[in-house]
Amino acid sequence: MRKWIIIGGMAPPINEDGIILRTVDFSNTSCVVTFFTREHGKIACLAKGGRRLKNAFDFSLDYMNLCKILYYPKSGDTLDLVTESKLCERFRTSCLPVIYGGFHVVNLLDSFTEMGDSQPELFDLTKSALMAMVAMDTRCRGGTLARPPEILCRCLLHYELRLLAEVGLAPSLHTCVECSADVLADDSRRVALGMLAGGVLCEKCRHRHTKTAMVSRTALLTLRQLARPGEYWEPLQIGPRILGEIRGVWTPYLAHQLEHPAPVLQWLKR
């Protein structure tokens, strides 16, 4: 929760970093911008004059951009007022799969967060994911929406797993979600992943659960590696078969947590 001292009937302005999640037209000249800020979480701000050809925001108010903003917080349901926005990092790419990947990231961030809930680690995670996608632009030029590049798929899977971890919805990938026994996969046996249970299930517990998917040892170990914090996802190389298997079980799990399918993933398919 954000706190401030009211001086002369108005809260003092706040200057901090923000990632633009979405913009909505408010009038002929103004718009409402939803930022995810590092210190105060998600906020909705009125940008007066933001739709004018010449404005005070220097064309920084585009989706997925990282900006340094100055805004005046308001009480109750009143929109905050953003008066300055200086571009720090632009999400600029000409690769269509990467653009869709960026939309997927900010849509997930928007869906899994509430207004005013400070989560600096989630801000840093999202910033890193967006900048990593911009950096892989040239490596993804040969990809299509129907067959996105493996490195982009890997980046998005890592982000999805870490996002759920930060908001407390991460699946248990090492121990049985019911009895907490260690779940060890071997080459000859597949492991049950409970969509409703919220993680892997041991042999004794899996028969008591519905809506389970069976995953191979390689897919499970890859999921564990992708779920680690940091940049451990970068040196991985995931073959098409394992990547397809992971997406086949992970996308329904993500949809269950969202309570609806992730729209962008309907396009980003292998």
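**A histidine and its surroundings**

Author: The side chains of His40 and Glu16 are joined by a polar contact of 2.7 Å. One caution applies throughout: this is a predicted model.

Where is His40 found? Look in the loop between strand 2, residues 31-37, and strand 3. Is His40 buried or exposed? Its relative accessibility is 16%. The cut-off for buried is under 20%, so His40 counts as buried.

Now step into strand 3, which covers residues 41-47. Strand 3 runs parallel to strand 5, residues 80-89, and two bridges join them. Find Leu46, which stands opposite Leu81 in strand 5. Strand 5 also pairs with strand 4, this time in the antiparallel sense and over seven bridges. Here the bridge partner of Leu66 is Glu89 in strand 5.

Go back to the loop between strand 3 and strand 4. Met64 lies there. Its phi is positive, at about 75 degrees, although Met64 is not a glycine. Met64 has 5% relative accessibility, so it counts as buried.

Tyr63 is in that loop too. It brings us to the aromatic rings. A pair of rings is described by the distance of the centres and the angle of the planes. How many aromatic pairs does a search of the whole structure find? It finds two. In one of them, the ring centres of Tyr63 and Phe103 are 5.6 Å apart. Their planes stand at 70 degrees. An angle over 60 degrees counts as edge-to-face, so this pair is edge-to-face.

The pair links distant parts of the chain. Phe103 sits in helix 1, residues 96-111, and is 40 residues away from Tyr63. Tyr63 has 34% relative accessibility, so it counts as partly exposed. Phe103, at 29%, also counts as partly exposed.

The other pair is Trp250 with Tyr253. Their ring centres lie 5.2 Å apart and their planes meet at 20 degrees, so this pair is stacked. Both residues belong to helix 5, residues 240-258. Why are they separated by about one helical turn? Because they are three residues apart in that helix. Trp250 is buried, with a relative accessible area of 2%. Tyr253 is buried as well, at 1%.

Follow the chain past helix 5. Glu259 is in the segment after that helix. Like Met64, Glu259 is not a glycine and has a positive phi. For Glu259 the value is near 70 degrees. At 73% relative accessibility, Glu259 counts as exposed, whereas Met64 counts as buried.

One more ring deserves a look. Arg228 lies over the face of Tyr232, at 3.5 Å from the ring centre.

Now turn to another group of strands. Strand 6 covers residues 191-194. Val191 and Leu193 point one way from this strand, while Ala192 and Gly194 point the other way. All four residues are buried. Strand 6 runs antiparallel to strand 7, residues 199-201, with three bridges between them. In strand 7, Leu201 is the bridge partner of Ala192. The hairpin of strand 6 and strand 7 has four residues between the strands. In that hairpin, Gly198 takes a positive phi near 100 degrees. Strand 6 also pairs with strand 8, residues 212-215, in the antiparallel sense over four bridges. In strand 8, Thr212 is the bridge partner of Gly194.

Finally, zoom out. The chain has five helices and eight strands. Along the sequence they follow the pattern β-β-β-β-β-α-α-α-β-β-β-α-α. The C-alpha atoms fill a box of roughly 70 × 45 × 30 Å along the principal axes. Of the 270 residues, 49% count as buried. Take the contacts with a separation of 6 or more: residues 24 or more positions apart account for 64% of them. The accessible surface comes to about 13600 Å², and 52% of it belongs to carbon and sulfur atoms.

Notes:
Residues numbered from 1 in each chain as written. Predicted model: local features only at pLDDT ≥ 70, side-chain atom pairs only at ≥ 80, totals over all residues. Heavy atoms only, no water. Buried < 20%, exposed > 50% of the residue type's maximum accessible area, 1.4 Å probe, protein only. Pairing = 2+ DSSP bridges. Phe/Tyr/Trp six-rings, centres within 6.5 Å; stacked < 30°, edge-to-face > 60°. Lys NZ or Arg CZ within 6 Å of the ring centre and 35° of its normal. Polar contact = N/O pair within 3.5 Å; in protein donor to acceptor, adjacent residues only side chain to side chain. Contact = heavy atoms within 4.5 Å. Areas by Shrake-Rupley, 256 points an atom, 1.4 Å probe, with all protein chains shown as cover.
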